[in-house]
Amino acid sequence: MPAYSSNEDALTTKLVTFYEGVSPTSTVPSHQATVLLFEPSNGSLLLVMDGSVITAKRTAAVSAIATKFLKPPSSEILCILGAGVQAYSHYEIFTEQFSFKEVRIWNRTKKNAEKFAQTVKGDVRVCSSVQEAVTGADVIITVTMATEPILFGEWVKPGAHINAVGASRPDWRELDDVIMKNCVLYVDSREGALKESGDVILSEAEIFAELGEVVKGVKPAHREKTTVFKSLGMAIEDTVAAKLVFDSWSSGK
């Protein structure tokens with residue numbers, strides 16, 4: 001995933017491996033990544049970084065930005081579906097940036113959800129089903145390896161905001177058609193979503209805006225409606241994050 005940022009004057013490439021058959025009990029994540037940072041003026045390699053950490057944190061940061069603009073004005077309940085690396089990074093930034101009265105988690109393998117609740121700081125309620133976890137939730141984060149819908153529109157509170165982070169292949173789903181066709185749909189990249197997101201492609205849902213258009217004030221944030229932010233990740237996010245790490249390391253912080 002190569003990218004150049006003129007604002008940051010940063011040039012990077014991220015190399016990613018993805019093994020969907022990794023056992024739930026394995027300590028090796030399904031996604032592993034390495035980020036290479038280059039000197040933009042001549043292409044010399046400056047640094048090799050752990051791309052897995054950068055990916056986890058930048059993905060959660062983008063979800064937090066989407067949530068800042070799209071969540072209901074009074075949001076009290078956060079629900080996380082999935083208990084992998086992205087669940088931890090999202091929990092960390094969401095509990096830092098927002099004030100939820102209750103946090104719930106569900107995972108297909110319940111013991112991993114229980115481990116999550118025991119590991120993180122703060123109280124987390126472990127739920128036995130997706131329906132139990134999402135009922136009444138104001139903000140929902142889906143970070144699963146699901147290939148078929150696990151979240152159904154009849155369970156979702158009207159006006160809730162959903163960050164859909166999993167299902168990163170054109171034939172994979174996390175959300176059903178009821179959600180996709182009745183929400184206001186935001187994406188990180190129109191081009192990426194129409195090529196890679198099964199939730200978008202198979203539901204034929206209409207994309208309302210890219211998140212960047214909302215941040216810039218070009219398109220409105222319909223926080224009064226049910227909203228979905230479909231996150232697939234962009235190489236430029238890795239570039240900016242890697243430059244931040246490099247600058248921090250260079251300055252000795």
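Helices, of at least four residues, and strands, of at least two, are DSSP runs numbered from the N terminus. The legends below use these element names for a predicted model.

**Figure 1. The largest nonpolar core.** In soluble globular proteins, nonpolar side chains tend to be buried together. The largest nonpolar core of this model holds 29 residues, and those with the most contacts inside it are L81, I140, L151, I162, L175, L185 and V228. Two or more of the core residues come from each of the elements β5 (77-81), α4 (130-134), β9 (161-164), α5 (177-182) and β10 (184-187). Another core, of 22 residues, lies apart from this one and includes L78, I93, F94 and I141.

**Figure 2. Contacts of I140.** With its neighbours within four places in sequence set aside, I140 is in contact with C79, L81, V134, L151, V156, H161, I162 and N163.

Figure 3. Rolling a probe the size of a water molecule over the atoms shows where empty space is left. The volume of the second largest pocket is about 770 Å³. It is lined by 28 residues, of which R58, A61, V62, I65 and E237 are the closest to its centre. At least two lining residues are supplied by each of α1 (51-70), α2 (85-97), α8 (211-215) and α9 (235-250). The largest share, eight residues, comes from α1. By residue class, the lining divides into 15 nonpolar, four polar and nine charged residues.

**Figure 4. The cysteines C79 and C127.** A disulfide is a covalent bond between the sulfur atoms of two cysteines. A search of the whole structure finds zero disulfides. For C79, the nearest cysteine sulfur is that of C127, 6.7 Å away, and C79 is in no disulfide. C127 is likewise in no disulfide, the sulfur of C79 being the nearest to it at 6.7 Å. The cut-off for a disulfide is a pair of cysteine sulfur atoms within 2.5 Å. C79 counts as buried because its relative accessible area is 0%, and C127 counts as buried because its relative accessible area is 1%.

Figure 5. Most residues other than glycine have a negative phi. D9, which is not a glycine, has a positive phi of about 50°. It is placed in the loop between β1 (2-5) and β2 (10-18). Its relative accessibility is 40%, so D9 counts as partly exposed. A167, also not a glycine, has a positive phi of about 50°. The loop that holds A167 runs between β9 and α5. With a relative accessible area of 2%, A167 is buried.

Figure 6. A117 lies in helix α3, whereas K121 is found in the loop between α3 (110-119) and β7 (125-126). A117 counts as buried at 18% relative accessibility, since the cut-off for buried is under 20% relative accessible area. Not counting residues up to four places away in sequence, A117 touches G122, V124 and V126. Its C-alpha atom is separated by 8.0 Å from that of I105, twelve residues apart along the chain. K121, by contrast, counts as exposed at 76% relative accessibility. Between K121 and Y91, which are 30 residues apart in sequence, the distance from C-alpha to C-alpha is 9.4 Å.

Terms used. Residues numbered from 1 in each chain as written. Predicted model: local features only at pLDDT ≥ 70, side-chain atom pairs only at ≥ 80, totals over all residues. Heavy atoms only, no water. Core = buried A, V, L, I, M, F, W, Y, C linked by side-chain atoms within 4.5 Å. Buried < 20%, exposed > 50% of the residue type's maximum accessible area, 1.4 Å probe, protein only. Contact = heavy atoms within 4.5 Å. 1 Å grid on protein atoms, 1.4 Å probe; cavity = no way out; pocket = protein on both sides within 12 Å on 5 of 7 lines; lining within 4 Å. Points joined across faces, edges and corners; volume = space filled by probe spheres on them. Nonpolar A, V, L, I, M, F, W, Y, C, P; charged D, E, K, R; others polar.
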